[in-house]
Amino acid sequence: MRGATGIGSLPGTDIDEASRVVVGELPELPHVPELPARGVGADMIGRTAGLLVDLAIEVITSGYRVNPRPGRDHRRAVDLLRGDLDAFDEALERAGAQPETVKVQAAGPWTLMSNIELMRGHRVLTDRGAVKEFSESLAEGLKQHAAQVAKRTGAKVVVQLDEPGLPAVLQGLLPTPSKLGTVPAVPEQDARTVLATVIDALADHEVMIHCCAPQPPLKLLREAGASAIAFDMTLVKGAAALDEIGETWEAGTTLVLGLVPSVDPGTPVTLKEVGQRAFTLVDRLGFPRTMLAEKALPTPTCGLAGATSSWVKRALSLTRDLSSAFLEPPEGW
């Protein structure tokens with residue numbers, strides 16, 4: 001996995017324009033854009049639920065719920081994703097681009113199961129049988145999705161699992177339906193096993209896990225089998241977090257470093273400003289700076305759904321330039 005890439009989401013509702021921007025700005029590792037502003041079925045949970053095999057969802061007041069059969073909401077998610085792939089293909093063709101690798105994104109199993117309710121109102125992750133059923137369904141759906149994208153593009157496919165909710169799952173911070181209590185914490189071993197089930201099913205593809213929450217569980221994600229882990233570098237604090245990053249790199253895992261602001265900070269941003277954090281990191285951990293070229297990729301700090309269209313292009317341009325700086329650091333860095 002080489003080059004610069006984005007986390008996934010972009011602003012607006014024009015998938016053709018979003019695809020053109022991604023393909024143009026991230027030629028080495030473009031990703032299929034996500035446009036959550038389109039509403040139901042375009043958000044991370046609805047979009048991923050549309051990939052599930054033999055499971056369906058519907059929209060209710062509190063979010064998403066399991067449905068006995070596919071209805072309008074489920075079909076909308078499926079149709080939107082199909083249209084997104086068509087737009088991505090067309091953008092590659094118009095640009096004459098044939099990237100070696102492309103990326104797709106979906107919610108990881110724990111974030112997905114935290115945000116979908118069973119018919120009786122409890123979260124999916126509270127039911128052991130439902131956890132098994134959902135994780136196996138997601139694994140099969142992602143396997144089929146990645147195979148389809150590989151066939152369409154002729155490229156290798158990196159599958160990104162978004163797990164922003166995993167720390168809350170592990171810490172027992174999710175509220176119950178009544179809001180009077182919290183869902184019991186999921187043991188690390190159980191969390192690791194479910195993630196490994198999904199990753200193992202994707203053995204033909206590299207799997208990146210993205211967690212933009214503070215203190216992502218890097219050791220757990222690495223042991224589950226992720227070949228790359230993406231996180232927001234601006235949230236990394238403390239010696240323990242730095243040690244865990246060092247251990248992850250030593251284990252051979254690629255780190256996808258969120259460095260470029262995901263919204264316009266309102267003041268000019270230079271390449272050195274956003275890149276310095278990565279170079280300081282390798283220096284503090286005692287790694288050679290070549291580690292950034294060999295085992296790191298730059299990205300924005302998180303998705304770009306909240307950015308302006310002008311900042312999207314600036315952020316992706318900075319990300320791409322930062323990838324070049326990882327390969328050949330500018331003088332004075």
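## Strand pairing, helix packing and cores in a predicted model

Strand E8 (residues 254-260) and strand E9 (residues 296-300) run parallel and are joined by 5 bridges; two strands count as paired if DSSP finds at least two bridges between them. Leucine 255 stands opposite alanine 296 in E9. The model is predicted: local features need pLDDT of at least 70, side-chain atom pairs count only at pLDDT 80 or more, and totals for chains, interfaces and linings use all residues. Residues are numbered from 1 along each chain as its sequence is written, and side-chain values use heavy atoms, with hydrogens and water left out. Helices (H or I, at least four residues) and strands (E, at least two) are DSSP runs numbered from the N terminus.

### The sheets

E8 and E9 belong to an open sheet of 6 strands with parallel pairing, in the order E3-E5-E6-E7-E8-E9. Its edge strands are E3 (101-107) and E9, each of which pairs on one side only. On average, neighbouring strands of this sheet are turned by 25° against each other, direction ignored. Although E9 is an edge strand, 5 of its 5 residues are buried (under 20% relative accessible area, with exposed over 50% and partly exposed in between; 1.4 Å probe, protein chains only), so E9 is largely enclosed by the rest of the structure.

A further open sheet holds 3 strands in the order E1-E2-E4, with mixed pairing. Strands E1 (56-60) and E4 (116-117) stand at the edges with a single partner strand each, so one side of each has no neighbour in the sheet.

| Strand pair | Bridges | Facing residues |
|---|---|---|
| E8 and E9 | 5 bridges | Leucine 255 and alanine 296 |
| E5 (residues 156-162) and E6 (residues 206-210) | 5 bridges | Aspartate 162 and histidine 210 |
| E2 (residues 63-67) and E4 | 2 bridges | Tyrosine 64 and isoleucine 116 |

### Helix packing

The axes of helix H9 (residues 239-250) and helix H10 (residues 271-285) come within 10 Å and cross at roughly 85°; axes are lines fitted to C-alpha atoms, for helices over the stretch in contact, and angles run from 0 to 180 degrees between N-to-C directions. H9 and H10 are therefore roughly perpendicular (65 to 115 degrees; under 35 is roughly parallel, over 145 roughly antiparallel and the rest oblique). Leu242, Ile245, Gly246 and Trp249 in H9 meet Leu281, Val282, Arg284 and Leu285 in H10, contact being heavy atoms within 4.5 Å.

In helix H1 (residues 15-25), the buried residues include Ile15, Ala18 and Val22. The buried residues of H1 pack against helix H3 (72-95) and H12. Aspartate 14 caps the N-terminal end of H1, with a side-chain oxygen 3.1 Å from the backbone nitrogen of aspartate 16.

Threonine 319 lies in helix H12 (residues 309-327) and is buried, with a relative accessible area of 0%. Its side chain reaches the backbone oxygen of alanine 315 at 2.7 Å. Not counting residues up to four places away in sequence, threonine 319 touches Ala4, Thr5, Val260, Pro298, Thr299 and Pro300.

### Nonpolar cores

A nonpolar core is a set of buried Ala, Val, Leu, Ile, Met, Phe, Trp, Tyr and Cys residues joined through side-chain atoms within 4.5 Å. The largest such core has 97 residues, and among those touching the most other members are Trp110, Ile116 and Trp249. A second, separate core of 7 residues includes Leu29, Ala228, Val256 and Leu297.

Technical notes: Polar contact = N/O pair within 3.5 Å; in protein donor to acceptor, adjacent residues only side chain to side chain.
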